[in-house]
Amino acid sequence: MKKSNTMNRIGKTILYAALLCMAFCISVATAAEDQRPHQANDMPANSQTESRSGAGPDRPNIIVVMADDMGFSDLGCYGGEIKTPAIDRLASEGLRFSQFYNCAICGPSRASLMTGCYPWEVGQAPGQSIFKNLTRNCVTVMQLLKANGYETCAVGRLDMVTADDWHDPAQVARAADRVLGSASGSPGNYFKEVKGTDFPGYPKGTPWFKDGKKWDRPAGEYSTDLISDFVADFIEGSAASDKPLFIYMSHYAPHWPLQAKEKDIAPYRELYKKQDRKTLMQARLQRQIDAGLIPAGTTLHDSMVSANPAADGYLAIERMAIHAAMIESIDRGLADTMAALKKAGKLDNTLILVLSDNGASAQMCFDKGRVPNGVQPGSMDTFLNHGPALAALSNTPFRNYKTTDYEGGIASPLVAWWPRGLKGKGRISHRLSHIADIMPTCLELGGVSYPSQFQGRNVIPLAGKSFVPVLRGTEGDQDAHRVIAFPKAVRDDDWKLIMQNKARPELYHISQDRNGKKNLAAEFPERVQKMKQLHAKILTY
């Protein structure tokens, strides 16, 4: 009997030890799983499954603020006289990039930002519609972050938010938790919805949608304010949630038509009465040099100094003042966003990125010319464009405009701010960077692996490179060399080849001649040939 009891005790001891061992193994496996970035292969776009590798307070909130047609020098922290105190604060406490590039025009830039790929790889090849859907070989950062536990919000211009049909509000709503904005290519109006009868050839107008359904936007409310208010409400509504946030603030401003609130326009009207455009350009350039954004010795390009004003100078000061007011409205909205983050207790661990989709526009599309007597320029009843002279001021010190691959078309400001994670306040990075870098940066910070498949379709590799090492101040020599391609140009480290005119290629040594004033193509024919080959290798579609 004693022997039987002894055997029972031994059996129970062995069983207890086995259970302890199993529990330990499970906990180790779970911990190991928690250390691996989540694989997003074949995860549905509306999945709420979280990446446990980054759940909780470690993964930062991410806010991407994209201006539309904002020039390199419009922000105060990039040399401008326009009041942008909120963004200037981000720059003084964060990081500015001096060599960050977009894709020269809205559709390609948005495709590249959202997918991390070159635009021609995902359906935005040169010559194709800039409002075309993405091809089914990619996935957007919005879709991946939502699938991996981020609470997501898309507001404003909804182009390319989803790799599905972004013209369909229901499909956009599946890619983001909260949505407000428009998804059409019609000319807009900052104070009211554009109807299908307002512009010949654009029968759809610019209807707004909210969370997948048609939304009757209130007449008289300014678009930039609607965007900022929606984002603030979204942040405040997430205060009790542990989920990190991904917010895409895709502004319409300062894209034409030039429209703003009179109370914002008035101070700039007085400012620009006292200072002519050429003096302002020179002052902007000097502030850029003093800040270390532009090399000392850089001078303005003659073609930009002598650029023609819109409509032979008609309402030149008014156009400048309205444009400045539009920029300031973006900044004021960002201040509201930061206040909402602070109130929700989310400010410290939020990465904010501020950039532009292309350089300033010299286009004169739909400009209605004369403003009727008694109508205030910049109101909802006017339609004015910037024109070359004003765009030249915005693009200081660079040459040319939106749609071209000169610096004035593709050079963008990029301000990064992240109190908890960014090292070194007020730094300037001269890293050669591209708008496609934003997606891999967001994925790395979110603990999300880029998939080879998504929703049953194969996904092409990323073209962009994460700039997390730049944020953390750990960038090494291995990050120095880089080649970046554009439809009609290629950067190879400090050299840039421009082929706007294939018969007359232009070669510039950017570190010594950022503004493209001395064409070295005749002196370095072998380099021209080598860079043409590099370009042809990358530009495949």
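1. The model is predicted: local features require pLDDT of at least 70 and side-chain atom pairs count only at pLDDT 80 or more, whereas totals for chains, interfaces and linings use all residues. Residues are numbered from 1 along each chain as its sequence is written, and side-chain values use heavy atoms, with hydrogens and water left out.

2. The chain contains 15 helices and 19 strands; these are DSSP runs, helices being H or I with at least four residues and strands E with at least two, numbered from the N terminus.

3. Of the 541 residues, 57% are buried (under 20% relative accessible area, with a 1.4 Å probe and protein chains only). The chain exposes about 21,800 Å², of which carbon and sulfur atoms supply 54%; accessible areas come from the Shrake-Rupley method with a 1.4 Å probe.

4. Among contacts (heavy atoms within 4.5 Å) between residues at least 6 apart in sequence, 76% join residues at least 24 apart.

5. Strand 18 (residues 495-498) is covered on both faces. Trp495 and Leu497 are buried on one side, and Lys496 and Ile498 are buried on the other.

6. Strand 17 (residues 489-492) runs antiparallel to strand 18, and four bridges join them; pairing requires at least two DSSP bridges between two strands. Arg491 lies opposite Lys496 of strand 18. The hairpin of these strands has two residues between them, and Asp493 there adopts a positive phi near 55°.

7. Strand 18 is also joined by four bridges to strand 19 (residues 506-509), again in antiparallel fashion. Here Ile498 stands opposite Glu506 of strand 19.

Technical notes
Buried means under 20% relative accessible area, exposed over 50%, partly exposed in between (1.4 Å probe, protein chains only).
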